[in-house]
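This briefing is intended for a reader who is meeting the structure for the first time. Please keep the sequence and the model in view while reading.

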Amino acid sequence: MAALGLCRAFGALLLSAGPRRARPPALPQPCLPGPVAAACRGLSGSAPRCTTDPLWKCRTKYTVRPVGMKKTGGRDHTGRIRVRGIGGGHKQRYRMIDFQRLRYEEGAPPEPFTEKVISVRYDPCRRVRVSASEGDAYPLGALPIGTLICNLESHPGKGAQYIRAAGTCGVLLRKVNGTAIVQLPSKRQIQVLETCVATVGRVSNVDHNKRVIGKAGRNRWLGKRPHTGLWHRKGGWAGRKIKPLPPMKSYVNLPRVKAVE
C-alpha cells in the first residue's frame, strides 16, 4: 500500500511539472453597423432560433405539430419526488406557441398586416384554446387609456409574458413619457415601453373554473393523484390575510438624475 501511494504521488508530480499548453487566442467578434444589425435581429417563425438568444427560451426548432411529452411523475433529474400528487393520466402532447405577434414575413415592408384564424383547437397543457387570440394586437402607444388587454410583452419583441391565463385581462391605466402603465389581474401595476405589443380583449375560456369534475377518476385522467383522507388541522397560513400591494414593477431603464448640490 505504501509503494502504491508513492507511485501515485510521483505521477502527480510529473503531471504538474510538465509544460502546459497555451489556450488559442480568441477570434475577434465581427462588428456590424447599426442598420445591418437591426435587420439581422429579426426572427422567423419557421427557422431554427439560436439557443443563446435571451428572447427565446426553447432549445428546439419551432414547429406547429404537437410534440411528444414524457411524464415525470413529479420527479426531478435525480429520481427523487419533488412535487407530490402527480402521476399517471392520459398521454399529452405539447403545442408550441409563438407569443410574438409582430412578426413580418421575409421581404415584406414593416406595415400593419392581417392574420386569419383557421381553427380553434384544444390544448391539454393549457386551460385556454389554441389559436390567434381573440382581438387585434397593437403597440400600447396606439391604444386609448382604459383598454382591456392581454398577452402583454415586458420588452419589445420578446413575446407575450403577462396576462396569458384563461379568462384574464389587464387594463391600460396611463401613459408617461413614452412608457405605459398596465394593471395586471392581480391588481399589481407594471411599467413597460409603449412599443410593447399587447392583444386587445380578454383571453378565451372564461368559464374554465366552473367545470364540474364529477368523480375521482377524472382527476386521475388529468394526472392528479389522490391525497390522504385524514383530517389535518390548518395553521395560520390558511387564514385570510390583507396585504398591501407590491410596488410598481418597471421594465424601463430610465436615466438616473444626479442631485444638484
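The model is a predicted one. Its chain has 261 residues, of which 20% count as buried, and it contains 3 helices and 11 strands.

**Overall organisation**

- In sequence order, the elements follow the pattern α-α-β-β-β-β-β-β-β-β-β-β-α-β.
- Of the contacts between residues at least 6 apart in sequence, 64% link residues that are at least 24 apart.
- The accessible surface of the chain is about 21,000 Å², and carbon and sulfur atoms account for 57% of that surface.

- Strand β7, residues 170–176, runs antiparallel to β8 and is joined to it by 5 bridges. Within this pairing, V176 stands opposite T179.
- The hairpin of β7 and β8 has 2 residues between the strands, and N177 in this hairpin takes a positive phi near 50 degrees.
- Strand β9, residues 189–193, also pairs with β8 in the antiparallel sense, over 5 bridges.

**Residue I163**

- I163 lies in the loop between β6 (160–162) and β7.
- I163 counts as buried because its relative accessibility is 7%, under the 20% cut-off.
- Leaving aside residues up to four places away in sequence, I163 touches a set of residues that includes I149, C150, N151, L152 and V203. V182, L184 and P185 are also among the residues that I163 touches.
- I163 and P185 are 22 residues apart along the chain, and their C-alpha atoms are separated by 7.2 Å.

**Loop residues with a positive phi**

- Most residues other than glycine have a negative phi.
- N151, which is not a glycine, has a positive phi near 50 degrees. The residue is found in the loop between β4 (148–150) and β5 (152–153).
- N151 counts as buried because its relative accessibility is 11%.
- N205, likewise not a glycine, has a positive phi of about 60 degrees. Its place is in the loop between β10 and α3 (216–221).
- N205 is partly exposed because its relative accessible area is 23%, a value that falls between the 20% and 50% cut-offs.

**The enclosed space**

- Rolling a probe the size of a water molecule over the atoms shows where empty space is left.
- A search of the whole structure finds 1 cavity of 30 Å³ or more. The largest cavity holds about 40 Å³ of space.
- The lining of the largest cavity consists of F99, R101, A137, N151, E153, A160, V197, A198 and T199. By class, this lining has 5 nonpolar, 2 polar and 2 charged residues.
- Strand β10, residues 197–200, gives the most to this lining, with 3 residues.
- N151 belongs to this lining and is also one of the residues that I163 touches.

Terms used: Residues are numbered from 1 along each chain as its sequence is written. This is a predicted model: local features need pLDDT of at least 70, side-chain atom pairs count only at pLDDT 80 or more; totals for chains, interfaces and linings use all residues. Side-chain values use heavy atoms; hydrogens and water are left out. Helices (H or I, at least four residues) and strands (E, at least two) are DSSP runs, numbered from the N terminus. Buried means under 20% relative accessible area, exposed over 50%, partly exposed in between (1.4 Å probe, protein chains only). Contact means heavy atoms within 4.5 Å. Accessible areas come from the Shrake-Rupley method with a 1.4 Å probe; for residues, only the protein chains shown count as cover. Two strands pair if DSSP finds at least two bridges between them. On a 1 Å grid over the protein atoms alone, a cavity is a set of points where a 1.4 Å probe fits but cannot get out, and a pocket is an open set with protein on both sides within 12 Å along at least five of seven lines; lining residues have an atom within 4 Å of a point. Grid points are joined across faces, edges and corners, and a volume is the space filled by probe spheres set on the points. Ala, Val, Leu, Ile, Met, Phe, Trp, Tyr, Cys and Pro count as nonpolar, Asp, Glu, Lys and Arg as charged, and the others, Gly among them, as polar.
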